[in-house]
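I opened the model today to look up charged pairs, cores and surface. My entries follow in the order in which I made them.

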Amino acid sequence: MSPPPDYPDTARARRLVRGGTTLRLVLLGSLLGSLLGACAVYHPLPIAHTPDLRPRLQDLDAANIDLSRPLTAAQVGMLALLNDPDLRALRGAHELARAQLRQGSLLPNPTANITWEALLGGDGTGPAWAVSLTEDINALVTYRARVRAARSQADQVDADQLWQQWQVAQQARLLAVDLYWGAQALALSERERGIVASEIQAVQRAVQAGNLDYTALSPLLATQATLEQSLVSLQTAQLTAWQGLDALLGLEGDVRFELAPLAPAAAPADVERLIASLPQRRPDLVALQLGYRSADEGVRAAVLGQFPKFSLGPIWEQDTTNIRSGGPTASFDLPIFDRNQGQIAIARATRLQLHEQYQARLDAAVGQVRGLLALEQRTVDDVQQSQAASHTAEQLSRTAQEAYRRGNIDQRSLVEFQTAALERALATTTLQRTLAETRVSLAVDLGIGLPLTTLPDFAASKGS
């Protein structure tokens, strides 16, 4: 059989078909490659089985702090900020919040529906098929509210973390204050114990010589026992404070270093302005406002979501008689039972809860600041009075030492003057420690020295 006259054209058409098929395969392969290239790839993240504590102070991340010199309270706080293990763990919460923001900012994928029906009998000429592509319209309606809510939540996490970092730094400063003044109290108590021990030895020699009765030892031994108990309490408190500070700095529990003399600054003169600006400056209050804003946007999204779920898109189809058609397709829920009233109620209750939490935190913050201001003023007066009494007792002790050298008083009287002076000095040290702790706590609650924390620029949502 001879080929038909149009054989060359048929061959050319076949080549074109094969070429078109090859092109479609190439395009399909490129599309699949692009989709696969955009996919995430699993990478393991093994956990450690050994502690990551530093054995020396010099092993810490110290920025520009000179670790060879005695450390101030501010430097100790900075070291805690840079090295605290719990703060390092906050990085995961930050990454999670940003990932949730990214997820909340994504639009839903369009939905593709494909149906194919084989011709099993009848007058048809071929199979029937239909292709549709639809998009969830409700997701577009609530998109802005959902993105704002997710952004506020992410900003809330960052503000909360800033407040936690600030608290860790100030906790380290408080421990440094406790350790410094605790060391001063220990030194005074050991001096007092040494004086009482010397007096006990002198009385024992007098008793052995027959110049005193054993009853003279009784009050001295009782005083010695009280001093020993006080020393044990002070040493235990020092050990606990050192262990707490080492933990904040990421050090092993037996690391010790020298602390510089500590003198926390007094409350600033413009304290009323600082109190009034607490809602704009303190990260915990800013975080609660951001949480409230996120909940408010949640209410807005829930209200918008009460309309029936609605999907819209084009559809193409062919029936078994090879008749093709196309047009729009829509699907929607009938709001007979669920009109999103449950989600609206939950969103409003969440917003109310955060509203009340913020108000309670603000009230507590202002009340705490005013209480610390009153305590600081009272402690300042007590320190001044105690210093005056301690100075007088020290002068009397020196006078008694001179009188003892001249033989005008006995050793027992000298010891009483000396121990009285040391007790006064110890009481002054305790008050100075309380004053330093109060001022550090006041700096924490007033947010003095904190980085500037502000709300995002977009306008706060109105209540629904």
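Predicted model: local features only at pLDDT ≥ 70, side-chain atom pairs only at ≥ 80, totals over all residues.

**Entry 1: Arg-351 and Asp-296.** I looked up the salt bridge between Arg-351 and Asp-296 and found the closest N and O atoms 2.7 Å apart. Arg-351 belongs to helix α10 and Asp-296 to helix α9 (residues 283–304), so this pair ties together parts that are 55 residues apart in sequence. I then checked the burial of both partners. Arg-351 has a relative accessible area of 12% and is therefore buried. Asp-296 has 1% and is buried as well.

**Entry 2: a pair inside α9.** Staying with helix α9, I looked up Glu-297 and Arg-300, which both lie in that helix, 3 residues apart, or about one turn. Their salt bridge has its closest N and O atoms 3.7 Å apart, and the cut-off for a salt bridge is 4 Å. Glu-297 counts as buried because its relative accessibility is 1%. Arg-300 is at 31%, so I put it down as partly exposed. I also noted a network in which salt bridges with shared partners join Arg-282, Asp-284, Arg-361 and Asp-445.

**Entry 3: Arg-56 and Asp-59.** I took another pair, Arg-56 and Asp-59, whose side chains meet in a salt bridge at 3.0 Å, N to O. Arg-56 has a relative accessibility of 47% and so counts as partly exposed. Asp-59 is also partly exposed, at 29%. For the record, how many salt bridges does the structure hold? I find 23.

**Entry 4: a buried charge without a partner.** Next I looked up Glu-192, which lies in helix α5. Glu-192 is buried but has no salt bridge. Which side chain of opposite charge is nearest to Glu-192? I get Arg-191, at 9.2 Å. Setting aside residues up to four places away in sequence, I list Leu-227, Thr-419, Leu-422 and Glu-423 as what Glu-192 touches.

**Entry 5: Leu-188.** Leu-188 is in helix α5 too. Its relative accessible area is 14%, so I count Leu-188 as buried. With residues up to four places away left out, Leu-188 touches Leu-422, Ala-425, Leu-426 and Thr-429. I checked how far apart Leu-188 and Leu-422 are: 234 residues in sequence, but 6.4 Å in space from C-alpha to C-alpha. I saw Leu-422 in the contact list of Glu-192 as well.

**Entry 6: cores.** I then turned to the largest nonpolar core, which has 32 residues. Which of its residues touch the most other members? I wrote down Leu-57, Leu-71, Val-76, Leu-79, Leu-245, Leu-249 and Phe-257. Two or more residues come from each of α2 (73–83), α3 (85–104), α5 (143–208), α6 (217–249) and α11 (411–446). Helix α5 gives the most to this core, 8 residues. Apart from this core lies another, of 13 residues, and I noted Val-271, Leu-362, Leu-372 and Leu-442 among them. Beyond its neighbours within four places in sequence, Leu-249 is in contact with Leu-60, Val-76, Leu-79, Ala-80, Asn-83 and Phe-257.

Entry 7: Phe-332, Leu-334, Ile-336 and Phe-337 make a nonpolar surface patch of about 520 Å². Where does Phe-337 sit? I place it in the loop between β4 (324–332) and α10 (341–406). Phe-337 counts as exposed because its relative accessibility is 73%, the cut-off being over 50%.

**Entry 8: overall numbers.** Last, I collected the totals. The protein has 11 helices and 4 strands. Of its 464 residues, 35% are buried. The accessible surface is about 28300 Å², and carbon and sulfur atoms account for 57% of that. Among contacts with a separation of 6 or more, 77% are between residues 24 or more positions apart.

Methods:
Residues numbered from 1 in each chain as written. Heavy atoms only, no water. Patch = residues over 30% accessible without salt bridge, like charges linked within 9 Å, V, L, I, M, F, W, Y side chains within 5 Å. Areas by Shrake-Rupley, 256 points an atom, 1.4 Å probe, with all protein chains shown as cover. Buried < 20%, exposed > 50% of the residue type's maximum accessible area, 1.4 Å probe, protein only. Core = buried A, V, L, I, M, F, W, Y, C linked by side-chain atoms within 4.5 Å. Contact = heavy atoms within 4.5 Å. Lys, Arg positive; Asp, Glu negative; His and termini not counted.
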